[in-house]
Amino acid sequence: MAGARVRRQQERAAGSAEMTDPTEAALVVENLSKTYRQRKKADITAVDNISFQVPRGQIFGLLGPNGAGKTTTVKMICGLIKPDSGRILVNGVDMLKQRRRGLSQVSAVLEGNRNIYWRLTARENLEFFAALKGQSGRQDLAERISELLAFFDLTDKEAEPARRLSRGMQQKLALAVCLVADTPIVVLDEPTLGLDVKASYEIRARLQEIAGDQKTIIITTHDMNVVEDICQEVVVIDKGRIVAADKTENLLNLFQARSYQIEIREGLTASQRDSLLELDFLELQQNKDKVILDLELQNASNLYRVIDILEENQTIIEAIRQEQLNFEKIFMELLENGRRR
Ligand SMILES: Nc1ncnc2c1ncn2[C@@H]1O[C@H](COP(=O)(O)OP(=O)(O)OP(=O)(O)O)[C@@H](O)[C@H]1O
Ligand SMILES: [Mg+2]
């Protein structure tokens, strides 16, 4: 239904690679591809020629359904797996040519927060990883660790082994461990996955504070709420390809203003029904004794076409409402359009 809009959106996405001067961006990903070669099984192209840039100090979302290629993308950004082709600049450093320097620019929490040790206490985890990241010489390390524990509300739990913390606390500890390295870029793979609403909100609030501190945060998620809530820009990927890239606000606005729902009482004639079904911007659903018309209006005059059809038989309109914005629907439309191309 929203084909034209989505196409315009996708055209803009395709052009976004030359968005800003690469030396200004915190992260530049250019024509990145990765195929997993498998013995006895078909190869899987997890990431298929994607390009995007992330400005400094942003929370940037990489949104996509299961298997879209999010984790593969962030593993390449963090230097954990090698792309087949493409270029990655982290804070201006070429990750493929200068891996060591590149690694010092990025820290990450990958899936399932495996970056913490179950047997070590919360504080010991921070000390251990600080040492690993060459931070043990810092005069203020103990203080910094205390600050991080306080920031994530873990001061009371600092002597508790990680395995005895709740899922939300473990996730917060994993974030603290990631931040102890004090890198300018932080990559988080599904930071709110499996958390309850309260823990998820808490983490989102902390992330906003961290980004306010001039760090750049890249998060992968399949949760539209997270994107809507905290990401300034988002790249939507599906099957390893970019299907949309824009400021979150633009993506939302693009779809918001035009979704209407008309509720009418049953009693459409066959000819009215036929006329309505011919309209490509309309979907008709029967809901008990009511008929609901969902409209995606590219231009306002289409609304009058619908009303004219209803008037033919003096059909009673019970309600006309602007549909509640639903990022999930936007997401589904983007995916559908991407797949049809
Ligand atoms: N090590 C691997 N070997 C072979 N195939 C892999 C490997 N890792 C990932 N894949 C495949 O690559 C594709 C992309 O996987 P990836 O984990 O990057 O997706 P994702 O977007 O992170 O998904 P999810 O939301 O489920 O975490 C999938 O088809 C997956 O099965
Ligand atoms: Mg993943």
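## A buried helix and its surrounding strands

In this predicted model, helix H2 (residues 70–77) is largely enclosed by the rest of the structure, because eight of its eight residues are buried. A residue counts as buried if 20 or more other C-beta atoms lie within 10 Å of its own. The buried residues of H2 are Lys 70, Thr 71, Thr 72, Thr 73, Val 74, Lys 75, Met 76 and Ile 77. After H2 comes Gly 79, which has a positive phi near 75°.

The model also contains an open sheet built from six strands, with mixed pairing. The strands of this sheet follow the order E6-E7-E8-E3-E9-E10. Strand E6 (106–109) and strand E10 (241–247) form the edges, each pairing on one side only. From one strand to the next, the twist averages 15°. Helix H6 (residues 167–180) lies across E6 and strand E7 (185–189), and its direction makes an angle of about 170° with E6.

Several strand pairs can now be described in detail.

| Strand pair | Sense | Bridges |
|---|---|---|
| E9 (residues 233–238) and E10 | antiparallel | six bridges |
| E1 (residues 27–36) and E4 (residues 85–90) | antiparallel | five bridges |
| E1 and E2 (residues 44–54) | antiparallel | seven bridges |

Individual bridges show which residues face one another in these pairings. Ile 237 has Ile 242 of E10 as its bridge partner. Strand E1 pairs with both E4 and E2. Glu 30 is the bridge partner of Arg 87 in E4, while Tyr 36 is the bridge partner of Ile 44 in E2.

Technical notes:
Residues are numbered from 1 along each chain as its sequence is written. Chains are lettered from A and ligands numbered from 1 in the order in which they are written. This is a predicted model: local features need pLDDT of at least 70, side-chain atom pairs count only at pLDDT 80 or more; totals for chains, interfaces and linings use all residues. Two strands pair if DSSP finds at least two bridges between them. Helices (H or I, at least four residues) and strands (E, at least two) are DSSP runs, numbered from the N terminus. Axes are lines fitted to C-alpha atoms, for helices over the stretch in contact, and angles run from 0 to 180 degrees between N-to-C directions. Two residues are in contact if their C-beta atoms, placed from the backbone, lie within 7 Å. A residue is buried if 20 or more other C-beta atoms lie within 10 Å of its own, exposed if 12 or fewer, and partly exposed in between; C-beta atoms are placed from the backbone.
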